[in-house]
Amino acid sequence: MAKKLKKIPADLVSYIQIETEAIRDANDKMMISSYCLHKLEVVNWYLELLEVGSKKYIVPQTRAHLELIRDQLMACHERIMQVKISSPNSRPILDISYPKGYEG
C-alpha cells in the first residue's frame, strides 16, 4: 500500500520570508537557512518521486506546484545569504534616536 506524503504548506515561503526579515544575528541566519534548505530537500525529493513514478509514495501536489515552491525556496535562500550581520562590537553602546528637530 502506498504511503501518502505530507502536503507542503501553502504558507511555507511566506514564513521563511518573514523570518528572513527578522534575522538579527548569525544564529538567526543559520536557523532559517537550515530550515529553508531542509524544505528545499523535501520538495526536491517529492519532485524526484514524481519523476520516477514511485508506487511506494503518493505525492499530494502537482509537479508544476512543487517546481514553483522549489524556485521560491531557492530565491528565499539567496535572500537569507545576502543578509549582512553587523558585529555586536561595531554597534555604539548607546544608540539614541532623537525626534526630528531636536537640537539638545
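Leaving out residues up to four places away in sequence, Tyr 46 touches Leu 5, Lys 6, Ile 8, Val 59, Pro 60, Gln 61 and Leu 66, where contact means heavy atoms within 4.5 Å. This is a predicted model, in which local features need pLDDT of at least 70 and side-chain atom pairs count only at pLDDT 80 or more, while totals for chains, interfaces and linings use all residues. Residues are numbered from 1 along each chain as its sequence is written, and side-chain values use heavy atoms, with hydrogens and water left out.

Tyr 46 is found in helix 2; helices (H or I, at least four residues) are DSSP runs, numbered from the N terminus. With a relative accessible area of 4%, Tyr 46 is buried (buried means under 20% relative accessible area, exposed over 50%, partly exposed in between, with a 1.4 Å probe and protein chains only). Although Tyr 46 and Leu 5 are 41 residues apart along the chain, their C-alpha atoms are separated by 8.7 Å.

Now to the core. A nonpolar core is a set of buried Ala, Val, Leu, Ile, Met, Phe, Trp, Tyr and Cys residues joined through side-chain atoms within 4.5 Å. The largest one here has 19 residues, and those touching the most other members are Ile 8, Ile 16, Val 43, Leu 66 and Leu 73. At least two residues of this core come from each of helix 1 (12–21), helix 2 (26–52) and helix 3 (63–82). Helix 2 gives the largest share, seven residues. In soluble globular proteins, nonpolar side chains tend to be buried together.

How do the helices pack? Two packed helices are described by the angle between their axes and the distance between the axes. Axes are lines fitted to C-alpha atoms, for helices over the stretch in contact, and angles run from 0 to 180 degrees between N-to-C directions.

| Helix pair | Axis distance | Angle |
|---|---|---|
| Helix 2 and helix 3 | within 9 Å | roughly 155 degrees |
| Helix 1 and helix 3 | 10 Å | about 5 degrees |

The angle of about 5 degrees makes helix 1 roughly parallel to helix 3, a label for angles under 35 degrees, with over 145 counting as roughly antiparallel, 65 to 115 as roughly perpendicular and the rest as oblique. In this contact, Leu 12, Val 13, Ile 16, Gln 17 and Thr 20 of helix 1 meet Gln 72, Leu 73, Cys 76, Arg 79 and Ile 80 of helix 3.

For the other pair, the axes of helix 2 and helix 3 cross at roughly 155 degrees. That makes helix 2 roughly antiparallel to helix 3.

One more meeting place is worth a visit. His 77 is found in helix 3, and Ser 33 in helix 2. Are these two residues buried or exposed? His 77 is buried, at 17% relative accessible area, and Ser 33 is buried too, at 7%. Beyond neighbours up to four places away in sequence, His 77 touches Ser 33, Cys 36 and Leu 37, while Ser 33 is in contact with His 77, Ile 80 and Met 81.
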